Amino acid sequence: MGESANHGNRDVQHARIRKLTGIAMLTAIVVLLQLLGSFIRFGTFSVSLVLVPIVVGAALYGPLAGLWLGFVFGAVILLSGDANLFLAINIPGTLITVVPRAMCAGLFAGLVYRLLEKFNRYVAVVAAAIVCPITNTGLFLLGCRLFFWDTISQWAAGAGYASAGAYAILGLAGLNFVFELLLNCILSPVIVRLITLGERK
């Protein structure tokens with residue numbers, strides 16, 4: 001009986017170590033991809049290549065892992081200088097806009113995956129892969145509306161847009177969002193494969 005309990009404890013400890021190792025590896029990937037992504041721009045801001053590993057982590061290790069990976073994503077955006085344009089206008093508004101929206105992207109992806117995986121894993125992955133960029137971009141636009149609308153209105157007028165809303169959607173977020181959404185959806189089968197391999201190890 002004691003030997004069985006010890007064996008069970010070892011299994012639990014091994015699973016915990018494996019989870020922490022997996023999250024650590026995905027954290028490093030998020031940092032690397034975000035730094036690389038800062039050189040790829042469609043419009044004003046760089047694209048987010050990190051949403052794929054965030055979805056993988058959220059699906060493999062749960063919503064809280066997605067929350068953590070989202071936090072790392074947001075922190076790297078701030079530290080890399082990718083948010084300097086907004087920091088120069090409103091520091092608290094930038095912090096609120098950048099970090100919580102990235103955290104919510106990972107958290108919501110994990111929650112959606114957990115909700116749907118019992119029915120169909122592929123559907124769960126596709127849904128999480130769609131929710132992640134929608135949350136990321138949607139909350140970014142909300143932050144723009146709350147904290148930077150006067151400045152965005154000036155940018156819109158200077159760029160020849162009819163309204164600040166059109167500029168925010170098309171000029172700031174549009175192409176980036178399309179790229180991120182397509183990338184996530186195209187790589188959904190790969191994400192499923194990575195999750196399957198991760199669970200087998």
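Because the model is predicted, local features were taken only at pLDDT of at least 70 and side-chain atom pairs only at pLDDT 80 or more, whereas totals for chains, interfaces and linings use all residues. Residues are numbered from 1 along each chain as its sequence is written, and side-chain values use heavy atoms, with hydrogens and water left out.

The protein chain contains nine helices and zero strands; helices (H or I, at least four residues) and strands (E, at least two) are DSSP runs, numbered from the N terminus. The order along the sequence is accordingly written α-α-α-α-α-α-α-α-α. Of the 201 residues in the protein chain, 42% are buried. Here, buried means under 20% relative accessible area, exposed means over 50%, and partly exposed lies in between (1.4 Å probe, protein chains only). Among contacts (heavy atoms within 4.5 Å) with a separation of 6 or more, 71% join residues 24 or more positions apart.

In soluble globular proteins, nonpolar side chains tend to be buried together. A nonpolar core is defined as a set of buried Ala, Val, Leu, Ile, Met, Phe, Trp, Tyr and Cys residues joined through side-chain atoms within 4.5 Å. The largest nonpolar core of the model has 32 residues, and Val-30, Ile-54, Phe-73 and Cys-132 have the most contacts inside it. Two or more residues of this core are given by each of helix 1 (2-37), helix 2 (51-61), helix 3 (63-80), helix 5 (91-116) and helix 6 (121-147). Helix 2 supplies the largest share, nine residues. When residues up to four places away in sequence are not counted, Ile-54 touches Val-30, Gly-66, Leu-69, Gly-70, Phe-73, Gly-106 and Cys-132. Another core, of 11 residues, lies apart from the largest one and includes Phe-140, Ile-152, Ala-164 and Leu-172.

Asn-90 is located in the loop between helix 4 (84-87) and helix 5, and is partly exposed because its relative accessibility is 22%. Gly-93 belongs to helix 5 and counts as buried because its relative accessibility is 1%. The side chain of Asn-90 reaches the backbone nitrogen of Gly-93 at 2.8 Å. This is a polar contact, that is, a pair of N or O atoms within 3.5 Å; within protein, one must be able to donate a hydrogen and the other to accept it, and residues adjacent in sequence count only if both atoms are side-chain atoms. Leaving aside neighbours within four places in sequence, Asn-90 is in contact with Phe-147 and Phe-148, and Gly-93, with residues up to four places away not counted, touches Phe-147 and Phe-148. The C-alpha atoms of Asn-90 and Phe-147 are 7.3 Å apart, although 57 residues separate them in sequence. For Gly-93 and Cys-144, 51 residues apart along the chain, the C-alpha separation is 8.6 Å.

Helix 6 has 27 residues and spans 38 Å from its first C-alpha to its last, close to the 39 Å expected at 1.5 Å a residue; the expected span is 1.5 Å times one less than the number of residues. At the start of helix 6, a side-chain oxygen of Asn-120 comes to within 2.9 Å of the backbone nitrogen of Tyr-122. Thr-135 lies in helix 6 and is buried, with a relative accessible area of 10%. Beyond residues up to four places away in sequence, Thr-135 touches Arg-101, Cys-104, Ala-105 and Phe-108.

The buried residues of helix 7 (residues 149-159) are Thr-151, Ile-152 and Ala-156. These residues lie on the same side of helix 7 because they cover an arc of only 140 degrees around the axis, the arc being that of the directions from the helix axis to the C-beta atoms. They pack against helix 6 and helix 8 (164-186). The face of helix 7 turned away from this buried side carries the exposed residues Asp-150, Gln-154, Ala-157 and Gly-158. Gly-160 follows helix 7 and has a positive phi, near 85 degrees.

Side chains of opposite charge can pair when their charged atoms come close. A salt bridge requires a side-chain nitrogen of Lys or Arg within 4 Å of a carboxyl oxygen of Asp or Glu, and one salt bridge is counted by this rule. Glu-117 forms a salt bridge with Arg-114, with the closest N and O atoms 3.5 Å apart. Glu-117 is partly exposed at 28% relative accessibility, and Arg-114 is partly exposed at 30%.
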